[in-house]
Amino acid sequence: MSKRLLRTLLIALSIALLVVPALAKPSKQDLALAKKAAQQGKKHEKKGDWEEAREAWQEAVDLNDTPDARTHLAKAEAKLGHLLLAEEILEKALETKKISWAAKHKAKKQLKELDKQIPQLRVEPPADFSG
């Protein structure tokens with residue numbers, strides 16, 4: 001076997017080892033832990049404890065990545081002032097194929113509100129500016 005072929009096979013195997021776990025469905029234990037983390041996240045949201053809520057929702061996403069968990073995580077990040085990160089999390093939630101209509105609607109609404117909060121810089125050169 002040539003070195004080039006061996007290198008190609010090793011690269012392909014490495015990629016496969018990285019991709020397969022990401023595609024795996026969460027175990028029953030992970031689902032139970034994710035549900036518990038989500039309950040904790042909701043509890044902390046009600047108290048306005050956004051740092052604890054963020055940690056709980058991040059754990060829920062890590063265990064069982066769902067659009068609903070991502071919208072909650074984005075809300076916590078936004079409340080902590082991490083507006084661009086919240087925007088990125090919502091966009092990823094919207095890219096998910098398994099998103100329900102209600103979750104999609106919630107994420108879009110949240111993203112629209114978030115966009116109003118993100119500062120924007122607008123530069124208008126003078127009319128006589130040539131360039």
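Biologist: What should I know before reading the values?

Modeller: This is a predicted model, where local features need pLDDT of at least 70, side-chain atom pairs count only at pLDDT 80 or more, and totals for chains, interfaces and linings use all residues. Residues are numbered from 1 along each chain as its sequence is written, and side-chain values use heavy atoms, with hydrogens and water left out.

Biologist: Is alanine 76 buried or exposed?

Modeller: Alanine 76 lies in helix H4, residues 67-79. Helices are DSSP runs of H or I with at least four residues, numbered from the N terminus. Buried means under 20% relative accessible area, exposed means over 50%, and partly exposed is in between (1.4 Å probe, protein chains only). Alanine 76 has 0% relative accessibility, so the label is buried.

Biologist: Which residues is alanine 76 in contact with, leaving aside its neighbours within four places in sequence?

Modeller: Contact means heavy atoms within 4.5 Å. With the neighbours within four places set aside, alanine 76 is in contact with Trp50, Ala53 and Arg54.

Biologist: How many salt bridges does the structure hold?

Modeller: A salt bridge is a side-chain nitrogen of Lys or Arg within 4 Å of a carboxyl oxygen of Asp or Glu. By that rule the number is 5.

Biologist: What separates glutamate 51 and arginine 54 along helix H3?

Modeller: These two form a salt bridge, and the closest N and O atoms of glutamate 51 and arginine 54 are 3.2 Å apart. Glutamate 51 is partly exposed at 34%, while arginine 54 is buried at 19%. Both sit in helix H3 (residues 50-63), 3 residues apart, so the separation is about one helical turn.

Biologist: Which residue forms a salt bridge with lysine 106?

Modeller: The closest N and O atoms of the pair are 3.7 Å apart, and the partner is aspartate 68. This pair links distant parts of the chain, 38 residues apart: lysine 106 is in helix H6 (residues 101-117) and aspartate 68 is in helix H4. Lysine 106 is partly exposed at 35% relative accessible area.

Biologist: Where do the buried residues of H6 lie around the axis?

Modeller: The buried residues are Ala103, Ala107, Gln110, Leu111 and Leu114. The arc is taken from the directions from the helix axis to the C-beta atoms. These residues cover an arc of only 105 degrees, so they lie on the same side of H6.

Biologist: Which residues are exposed on the other side of H6?

Modeller: The buried residues of H6 are covered by elements including H4 and helix H5 (83-95). On the other side, the exposed residues are Trp101, Lys109, Lys112 and Lys116.

Biologist: Are H4 and H5 roughly parallel or roughly antiparallel?

Modeller: Axes are lines fitted to C-alpha atoms, for helices over the stretch in contact, and angles run from 0 to 180 degrees between N-to-C directions. The axes of H4 and H5 come within 8 Å and cross at roughly 170 degrees. Angles under 35 degrees count as roughly parallel, over 145 as roughly antiparallel, 65 to 115 as roughly perpendicular and the rest as oblique. H4 and H5 are therefore roughly antiparallel.

Conventions:
Helices (H or I, at least four residues) and strands (E, at least two) are DSSP runs, numbered from the N terminus.
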